[in-house]
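Dear colleague,

Here is the structure we spoke of handing over, with its sequence. Please have it open while you read the notes below.

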Amino acid sequence: MKMASGFALFSSLLFVIFSLQLLYVSSTGVFLPLSHTLSNTQTAETPHLIKASSARSIARFRSHRDREHREIPLPLSSGSDYTLSLSVGPHQSQPVTLYMDTGSDLVWFPCHPFECILCEGKPKSSPYNHSSSPSVPCNSHFCSAVHSSLPSSDLCAIAKCSLDNIETSDCSSPCPPFYYAYGDGSLVANLHHESLLIPTSKPNSPYIRLHNFTFGCAHTALAEPVGVAGFGRGELSLPAQLSAFSPHLGSRFSYCLISHSFNSNRLRRPSPLILGRSDAANVEGEEFVYTPMLDNPKHLYFYSVGLEAVSVGRKRITAPENMRTVNKKGDGGVVVDSGTTFTMLPPAIYAAILDEFDNNMRGRYERAAATEEATGLGRCYLYGEEEKVRAPRVVLHFAGNASVALPRRNYFMGFLKESRGRKRKVGCLMVMNGGDEADSGGPAATLGNFQQQGFEVVYDLERRRVGFVRRQCASLWDTVSRN
């Protein structure tokens with residue numbers, strides 16, 4: 001899909017667009033610019049947009065921790081989402097626009113005919129015409145994967161295969177529909193497979209075609225009108241299926257997210273997504289710091305890592321045990337998630353961070369309690385319109401001696417507001433409380449995409465690690481494309 005098509009899909013909303021166009025393939029990977037802009041066709045105040053994003057972040061995190069479901073809510077909050085566009089079909093391929101999500105392991109999108117209940121005011125895309133796309137059979141391992149690893153014999157029985165065919169593994173009935181329930185919506189879909197086309201600009205190779213790509217085809221949904229490209233660790237994810245085409249492309253990918261705010265409408269420069277990312281030795285500047293991936297026996301698709309401490313100013317705050325490890329039940333760890341806006345933390349360490357942050361800000365800045373209520377954030381402060389705020393330094397200390405110093409804009413964002421008859425700036429700490437400490441199931445925390453901005457984040461599946469390095473994301477594309 002060309003970038004203009006992304007504009008047409010979402011022009012009715014104040015919405016960040018990231019449309020995908022593949023430029024070329026080299027020995028070091030496939031480089032894709034993620035272009036985005038903010039449409040100003042509908043205005044909304046910054047606190048309202050932040051509130052929507054914080055509510056979505058909370059709902060997604062709580063669903064991560066739900067022991068009864070493997071599913072997660074979709075990232076739909078305005079101003080904080082990243083989408084890509086791909087083409088599906090054998091001949092006149094149809095473009096589909098999908099959310100990029102490292103926190104899930106399935107590629108799905110709306111299919112014709114499509115009905116979405118309670119989707120008024122949300123961005124919509126044209127449903128895919130799946131009439132020529134074959135169904136995935138019930139005895140496929142993909143069918144078992146999407147049905148939470150149910151045995152193929154059970155699935156073939158649900159599909160009403162005869163006993164003889166089940167016993168001989170000769171049932172060709174379609175995989176039964178699957179149901180996903182999210183924090184604020186749900187859908188019913190069927191599995192299909194079809195060619196997936198990734199366009200290139202090379203004259204002698206206009207596209208990469210992945211044959212028999214497996215995806216979910218949804219005909220009905222509740223409050224979920226846009227599909228998802230799952231980049232998680234499961235076998236149905238986009239990287240996993242790319243591995244069947246090219247182990248190099250599917251084993252390592254990275255992205256570098258341009259910093260965004262919730263009140264800008266200017267055109268943004270591209271942010272690169274790199275499939276098959278090579279080691280960063282060919283990129284000028286600092287090298288990656290890596291932290292090991294933690295296995296999660298319950299949520300196999302999560303990119304879980306261990307966080308040992310958080311430094312605020314000069315104080316190092318030790319993280320609780322459940323942020324450093326994942327137990328045998330799948331509880332604990334920090335999920336690196338492109339589909340959640342704000343970082344979610346356990347209550348105890350969140351409170352300690354707020355206290356230390358307040359200790360550094362108290363006496364210099366006035367608390368903005370009304371903004372805290374309007375945004376759902378924990379600490380906001382008022383200061384002069386031209387004043388340069390002095391916020392304490394924040395550093396995340398991951399396992400493996402991987403310390404990541406956040407730029408101030410990643411954890412403290414300021415915007416103008418009227419206060420007492422004059423324009424002032426208000427700045428807020430952009431991390432959130434993950435909820436009740438007693439609810440200890442699931443991940444202990446989530447590293448959201450707002451805190452990942454301005455970093456190249458690499459997911460190395462071969463060496464089972466996640467890496468971080470500060471980058472000028474707007475210029476990274478120029479750098480890697482020269483190599």
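The model is predicted, so local features are described where pLDDT is at least 70 and side-chain atom pairs count only at pLDDT 80 or more, whereas totals for chains, interfaces and linings use all residues. Residues are numbered from 1 along each chain as its sequence is written, and side-chain values use heavy atoms, with hydrogens and water left out.

The protein chain holds 12 helices and 28 strands, where helices (H or I, at least four residues) and strands (E, at least two) are DSSP runs numbered from the N terminus. Of its 483 residues, 60% count as buried; here buried means under 20% relative accessible area, exposed means over 50%, and partly exposed lies in between (1.4 Å probe, protein chains only). The accessible surface of the chain comes to about 19600 Å², with 51% of that belonging to carbon and sulfur atoms, as computed by the Shrake-Rupley method with a 1.4 Å probe, where for residues only the protein chains shown count as cover. Among contacts with a separation of 6 or more, 71% are between residues 24 or more positions apart, a contact being heavy atoms within 4.5 Å.

The structure holds 11 salt bridges, each being a side-chain nitrogen of Lys or Arg within 4 Å of a carboxyl oxygen of Asp or Glu. One of them joins glutamate 456 to arginine 277, with the closest N and O atoms 2.6 Å apart. This pair links distant parts of the chain, 179 residues apart, with glutamate 456 in strand β27 (residues 455-460) and arginine 277 in the loop between β12 (271-275) and β13 (289-292). Glutamate 456 is buried at 0% relative accessibility, and arginine 277 is buried at 2%.

Another salt bridge is formed by arginine 464 and aspartate 295 (2.4 Å, N to O). Arginine 464 is partly exposed at 35%, and aspartate 295 is partly exposed at 48%. Arginine 367 meets glutamate 372 in a further salt bridge, the closest N and O atoms being 2.8 Å apart, and salt bridges that share partners join Asp358, Arg362, Arg367 and Glu372 into one network.

Finally, Ile117, Leu118 and Leu222 form a nonpolar patch on the surface, with about 270 Å² of accessible area together. Patches are made of residues with over 30% relative accessible area and no salt bridge, like charges being joined within 9 Å and nonpolar side chains (Val, Leu, Ile, Met, Phe, Trp, Tyr) within 5 Å. Leucine 118 lies in the loop between β6 (107-117) and α3 (141-146) and is exposed, with a relative accessible area of 57%.
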